[in-house]
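Open the model in your viewer and keep the selection panel to hand. The stops below go from whole chains down to single side chains.

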Amino acid sequence: MQDTRIRLSRRSVLEGMGLVAAGLGLEVILPARAHAAPMPTSLPAVPTEGLRANVFVHVAPDGVVTIVCHRSEMGQGVRSSLPVLIADELGADMAHVKVVQGDGDEAYGDQNTDGSSSVRKIFDDLRYAGATARTMLVAVAAKRWKVAPAECEARDHAVFHKGTQRTLKFGELAGDAAKLKVPKKDAVTLRPRSELKNLGKELPLLDGPDIVTGRAVFGADVVLPGMRTAVIARPPVAGGRVVRYDATKTLAVPGVRQVVELPAAKKPFLFQPLGGLAVVADNTWAAMRGRAALDVTWEGGDNAVYDSVAYREQLLEVIGKPGKVVRNVGDAEGALAKAAKRVQATYNTPHLAHAPMEPPAAVAKVENGTCEVWATTQNPQAARSEVAKALGIDPSKVTIHVTLLGGGFGRKSKPDYVVEAALVAKAVGAPVRLQWTREDDVRHDYYHSTSAQRLEAGLDANGKVVAWHQRIAFPPIGSTFADATFAGEGEMGQGIVDLPLAIPDVRMENCEARAHTRIGWLRSVANIYHAFAVQSFIDELAHERGTDPRDTLLEVLGPSRIVTPKDLGVAKVPNYGQSIEEHPVDTARLRRVIERVTGLARWDERKQQGRALGLAAHRSFLTYVAVVVSVVKDADERIRVDEAWIVADAGTIVNMERVRAQMEGAVVFGLSLGLYGAITMKDGAVVESNFRDYRLARIAETPRKIHVDIIPSDGRPGGIGEPGVPPVAPALANAVFALTGTRVRELPLVKTVKV
Amino acid sequence: MSIRLRVNGTEHVLDVDPEMPLLWALRDVLTLTGTKYGCGQALCGACVVHIDGAAVRSCVTPVRRAEGREVMTIEGLSPDGSHPLQKAWVDLAVPQCGFCQAGQIMTAAALLAKKPKPTDAEIDQSLAGNLCRCGTYTRIRTAVKKAAGMPTE
């Protein structure tokens with residue numbers, strides 16, 4: 001959601017390097033190496049001797065290379081990938097590289113780990129970080145040997161003179177290199193791709209050994225001396241407030257220390273805490289018991305009217321009427337009027353909660369006008385500025401250490417819970433661990449939006465699709481940041497204005513929808529409902545025409561070509577914040593993943609084999625993904641997914657192993673939301689509370705086999721974490737139709753069929 | 001009231017509310033944070049530990065139930081990450097975010113102790129209570145088989 005998120009200053013990495021020269025300290029936490037309990041309060045800093053070419057790389061005189069991972073690790077493998085790319089450019093040997101986690105600091109450039117952006121947006125910047133250090137080490141070696149730098153090469157943690165095979169180790173060069181002026185970007189040359197020896201390989205999982213032994217440190221695992229634990233009773237309705245409360249019983253619970261009232265949230269919600277009552281105790285159990293004993297009267301406020309069942313009807317009504325035109329080519333209404341046949345269908349999807357396995361948590365210490373925080377956050381810079389604002393201190397007085405994240409999926413881009421920890425810590429005058437329970441997580445999320453869409457196509461006498469009319473309504477993410485009721489440009493850029501269609505007359509309209517809860521972005525965002533509707537509808541057209549769904553999809557997408565904004569009938573394609581010239585909408589790539597996935601799944605033999613397969617494909621975050629899902633009926637008539645295939649063209653791959661893992665995970669994430677996921681609101685409050693009623697796919701509900709295939713490419717890198725998700729739910733719904741003849745137009749499937 | 005129990009081979013006497021779930025006694029009192037809180041209602045399995053070798057959900061097990069018994073957490077499964085499950089988990093790069101994996105491994109360890117060569121159905125059944133939001137289930141199945149010395153294809 002490029003247009004609506006709070007944008008942080010995005011200084012270039014090279015400017016960041018300048019800050020280092022000015023003496024910026026690199027205080028770092030080492031979550032993966034430190035034992036969780038007790039956590040040391042003084043954290044190891046990067047040694048000051050040796051070469052610090054920029055904020056990302058340090059070469060010590062003993063040869064240890066320290067590389068900062070400035071993005072948050074939430075399972076996507078960023079810590080196992082980005083440092084290796086820097087090391088490759090440098091010529092470092094990973095056996096002598098120490099990876100440390102960067103605190104929240106603008107010196108790193110953008111650290112907000114979402115939008116599947118960690119490789120696609122900073123691939124070259126990170127390479128320059130490594131290449132700059134290499135250039136400096138090579139310059140020292142060349143000077144010592146009195147040869148030209150071009151005669152030297154850096155590899156295997158040393159610089160070699162090509163002519164004489166003389167060698168100087170990185171450590172032997174670091175001291176003198178530190179005395180050099182840091183070269184400007186134009187004086188630094190990137191290696192040819194072929195010299196990046198780990199690029200695209202199956203790289204080891206950096207934090208694997210710590211995770212399987214319980215040593216890995218997540219948000220709630222940080223322990224400080226004298227620390228208390230707090231849980232908060234929040235208003236059940238977003239925007240509500242405490243009218244009155246009685247904490248007598250709470251304070252009688254052994255271990256409970258005090259109750260702190262937090263200010264109510266005002267619209268727009270931004271990243272504010274929701275307010276409520278914090279129960280502070282000696283341990284989590286006492287805090288939870290104390291909270292349960294609170295006697296509180298709440299007021300709901302404006303959002304108390306929200307009933308998501310009734311709202312669904314409202315959305316369906318809204319898409320019956322014209323909306324704001326967001327894309328127009330030709331005359332769709334005229335073409336529909338003349339069509340030999342019109343096909344129309346309506347789709348809708350519910351709110352979703354992120355439900356990362358680790359609920360939000362943060363540890364904060366406020367003393368002497370400073371604040372130090374350890375948090376499971378995707379967005380440490382926003383956490384820093386929000387904490388500073390809430391405490392009324394300068395951001396420079398706030399330090400945000402990033403732990404490992406037990407999942408994020410967009411939830412942990414919003415630092416409301418980090419601010420809560422800081423406010424409570426300040427109020428009690430002691431370090432505080434703020435723990436969200438699962439109920440808190442399910443009931444106080446920034447929810448994935450609920451949506452309704454109406455699609456209509458016109459077919460000519462030969463069955464060719466000649467007109468396409470689509471109306472879309474959902475409360476937008478912009479409502480969390482301002483009084484917005486129409487979708488942002490970014491949301492329309494997720495599978496609406498950028499959708500390639502070989503159809504002469506196309507019209508897309510966005511209809512108004514007002515939010516009555518906090519809306520946020522969830523893994524792949526608006527692509528989820530857009531791909532569900534579009535990819536289901538094309539499958540419906542195939543059955544309507546009696547043509548093969550794959551052939552129909554290829555026909556509707558059209559021949560291999562670059563689709564320009566003009567072709568799409570829009571002034572601009574947001575393109576996930578990147579250039580449309582560098583990352584065009586390329587139907588050849590979309591066709592290729594479709595052809596590849598149907599080949600692997602033996603699509604053409606499915607009828608002989610008696611298999612029910614469903615297909616869907618979607619471009620998002622500059623990556624092209626196609627999915628085939630196979631479904632079967634169990635003995636008890638339950639529909640079960642028994643196999644899935646996913647093919648991605650993500651351009652250049654940094655870490656093939658984690659990319660495959662992300663695609664496997666995306667299939668399961670897509671199945672969870674396709675089969676079960678739904679958040680219901682009644683009287684403004686969330687009905688679901690835990691995994692009992694907010695169901696996720698379990699092991700037996702996961703296909704026995706998920707086949708992943710990545711298209712080899714040296715093109716510009718696309719996103720990885722999110723693009724696997726959007727095609728999964730429509731592929732599943734299309735497979736269910738193939739098996740049962742029941743067309744599912746509403747997610748989750750559990751509302752329509754037995755799963 | 002004091003509760004006497006052994007955790008990972010070490011004797012402890014805890015001065016805690018006997019109704020406090022074992023999870024919080026481990027995490028907050030003994031600072032053994034490898035065991036995770038995910039739901040508090042025995043729905044997700046992130047908190048699984050062993051009591052006398054049996055897998056239990058520590059989030060709903062009062063600490064008094066461990067009185068005089070032997071508790072094992074992920075930290076005690078092996079001194080150095082050398083348990084066959086831990087090795088298989090690393091070899092196959094099972095974890096994504098990693099938060100649920102201690103519970104997955106402890107559940108699988110109890111299974112293998114009872115059934116050294118489990119069937120696919122037994123693996124699925126044993127791990128049915130362990131959620132993984134990242135979706136690492138297919139690798140978990142393979143890793144359990146690998147740790148059991150069974151063919152993984």
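What follows is a list of selections, each with a note on what is found there.

This is a predicted model, in which local features need pLDDT of at least 70, side-chain atom pairs count only at pLDDT 80 or more, and totals for chains, interfaces and linings use all residues. Residues are numbered from 1 along each chain as its sequence is written, chains are lettered from A and ligands numbered from 1 in the order in which they are written, and side-chain values use heavy atoms, with hydrogens and water left out.

**Stop 1: the domains of chain A**

Colour chain A by domain: domain 1 is 51–213, domain 2 is 228–302 + 360–435, and domain 3 is 308–352 + 447–751. These bounds come from an automatic or database domain assignment. Select domains 1 and 2 of chain A, whose centres, taken over C-alpha atoms, are 38 Å apart. Domain 1 of chain A brings 17 residues to the contact and domain 2 of chain A brings 16; contact means heavy atoms within 4.5 Å.

About 1,200 Å² is buried between these two domains of chain A, with 48% from carbon and sulfur atoms. Buried area is the accessible area (1.4 Å probe) that two parts lose on being put together, summed over both. Now pick M74(A), D103(A) and G104(A), which supply 38% of the area that domain 1 of chain A buries against domain 2 of chain A, more than any other three residues.

**Stop 2: D110(A)**

Go to the loop between strand 5 (97–102) and helix 3 (123–145) of chain A, where D110(A) lies. Helices (H or I, at least four residues) and strands (E, at least two) are DSSP runs, numbered from the N terminus. Is D110(A) buried or exposed? D110(A) counts as buried because its relative accessibility is 14%; buried means under 20% relative accessible area, exposed over 50%, and partly exposed in between (1.4 Å probe, protein chains only). Show distances here: the D110(A) side chain reaches the backbone nitrogen of N112(A) at 2.9 Å.

**Stop 3: the two domains of chain B**

Select 2–76 of chain B as domain 1 and 84–148 as domain 2. Their centres, over C-alpha atoms, lie 21 Å apart. In chain B, 15 residues of domain 1 are in contact with 12 residues of domain 2. The two domains of chain B bury about 1,100 Å² between them, 64% of it on carbon and sulfur atoms.

**Stop 4: chain B against chain A**

Show both chains. The contact involves 49 residues of chain B and 62 residues of chain A, and about 4,700 Å² is buried between the chains. On the chain B side, Q96(B), L131(B) and R133(B) lose the most area to chain A, together 17% of what that side buries.

How many salt bridges cross the interface of chain B and chain A? The rule finds 8, a salt bridge being a side-chain nitrogen of Lys or Arg within 4 Å of a carboxyl oxygen of Asp or Glu. Display R139(B) and E657(A), whose side chains form a salt bridge at 2.5 Å, N to O.

**Stop 5: the nonpolar core**

Finally, select W468(A), F537(A), I594(A), F691(A), L85(B), W89(B) and V144(B), the residues with the most contacts inside the largest nonpolar core, which has 157 residues. Such a core is a set of buried Ala, Val, Leu, Ile, Met, Phe, Trp, Tyr and Cys residues joined through side-chain atoms within 4.5 Å. Helix 18 of chain A (residues 656–675) gives the largest share of this core, 10 residues.

How values were computed. Polar contact = N/O pair within 3.5 Å; in protein donor to acceptor, adjacent residues only side chain to side chain.
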